[in-house]
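The entries follow in the order in which I made them.

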Amino acid sequence: MKKVSVECRNIRLSYDRTEVLKNISLTVEPGEFFALLGPSGSGKSTLLRLIAGFNQQNSGELLVDGQNIGSVPPHKRNIGMVFQSYALWPHMTVWDNVAFGLVERKVRGAELKARVAGALELVGLSQYAKRYPNELSGGQQQRVALARTIVIEPQVLLLDEPLSNLDRNLRVQMRQELLSLQRRLGITTIFVTHDQEEAMTTADRMAVMDQGVVQQVGSPSNLFDFPCNRFVANFVGTMN
Ligand code: ADP
Ligand code: MG
């Protein structure tokens, strides 16, 4: 699969009269595991939804693989998003949840079976195909949400606080699983979190956001050693 870049150029977005994204510029390199770190309300979800196509910017440009995709509708963007709430279909089995996006895309028969089985295997859930979401643990539901997204083979993976509903031990374990899965697939990934340690221990590079502004972009060690202002120093320097 081709590895693609994601570039935001001077993006601004307002809800009513409040500007929530203030001139956001950043580039995520092809195949990178990029963390977007910031406190609650800083605009992280708004930016992810914009990249996915669910929000429209007031000005600025969004480029994937160098192409401006501003006017491409969400279902035509080759982008997968995992939500904090998982948003699984409760009345469908694990298998059907994972197959859903492929069926919508008219994938049928042997290819459908092979791809669903492959995605379930990747997340270690082959044994759980016939279960319903409420018969799974939080971590397993999270893996289903991930399988359901990667099965469509997106070029970009957007993860909006995917681990925040899990208890701490599981969160640490899933963090590693997520990273090793991303490494195997090589998908350009933007991982949103408000947890400094989560970002610092996973990201190739990261952006720190506050109040709709990207404060600094760099590698975890770069931000830790050379924070550009007091906010970044306090936020990145304080481990939970
Ligand atoms: P984060 O994900 O970093 O917690 P959000 O992107 O969800 O932040 O929200 C950023 C700001 O935008 C917050 O002040 C929030 O209240 C506001 N906001 C988010 N969604 C909407 C919306 N649909 N309408 C109006 N304001 C919103
Ligand atoms: Mg959010």
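Predicted model: local features only at pLDDT ≥ 70, side-chain atom pairs only at ≥ 80, totals over all residues.

Entry 1, a loop residue. I looked up Tyr-86 and found it in the loop between β6 and α2; helices (H or I, at least four residues) and strands (E, at least two) are DSSP runs, numbered from the N terminus. Tyr-86 has a positive phi of about 70 degrees, although it is not a glycine. I noted Tyr-86 as partly exposed, because 18 other C-beta atoms lie within 10 Å. For that term, a residue is buried with 20 or more other C-beta atoms within 10 Å of its own, exposed with 12 or fewer, and partly exposed in between, the C-beta atoms being placed from the backbone.

Residues are numbered from 1 along each chain as its sequence is written, and chains are lettered from A and ligands numbered from 1 in the order in which they are written.

Asp-16 is not a glycine either, and its phi is positive, near 50 degrees. I placed Asp-16 in the loop between β1 and β2. The hairpin of these two strands has two residues between them. Asp-16 is exposed, because it has 6 other C-beta atoms within 10 Å.

Entry 4, the sheet. I found an open sheet of four strands in the order β2-β1-β4-β5, with antiparallel pairing. β2 and β5 (67–68) stand at the edges with a single partner strand each, so one side of each has no neighbour in the sheet. Two strands count as paired if DSSP finds at least two bridges between them. Strand β1 (residues 6–15) pairs with strand β2 (residues 18–28) over seven bridges. In that pair I saw Ile-11 opposite Ile-24 and Ser-14 opposite Glu-19. β1 also pairs with strand β4 (residues 59–64), over five bridges and in the antiparallel sense. There the bridge partner of Glu-7 is Leu-63.

Strand β6 (residues 79–82) runs parallel to strand β7 (residues 156–160), and four bridges join them. Gly-80 stands opposite Leu-157 in β7. Which residues cover the two sides of β6 in the list of buried ones? Ile-79 and Met-81 are buried on one side, Gly-80 and Val-82 on the other, and both faces are covered.

Ten of the 13 residues of α4 are buried, among them Arg-143, Leu-146 and Arg-148. What covers the buried residues includes β6, α2 (94–104), α3 (109–122), β7 and α5 (168–185), contact being C-beta atoms, placed from the backbone, within 7 Å.

The shell of ligand 1 includes Tyr-15, Val-20, Gly-38, Lys-44 and Thr-46, a residue being near if its C-beta atom, placed from the backbone, lies within 6 Å. Helix α1 (residues 44–52) gives the largest share, three residues. I sorted the shell into two nonpolar, seven polar and one charged. Here Ala, Val, Leu, Ile, Met, Phe, Trp, Tyr, Cys and Pro count as nonpolar, Asp, Glu, Lys and Arg as charged, and the others, Gly among them, as polar.

Technical notes:
Contact = placed C-beta atoms within 7 Å.
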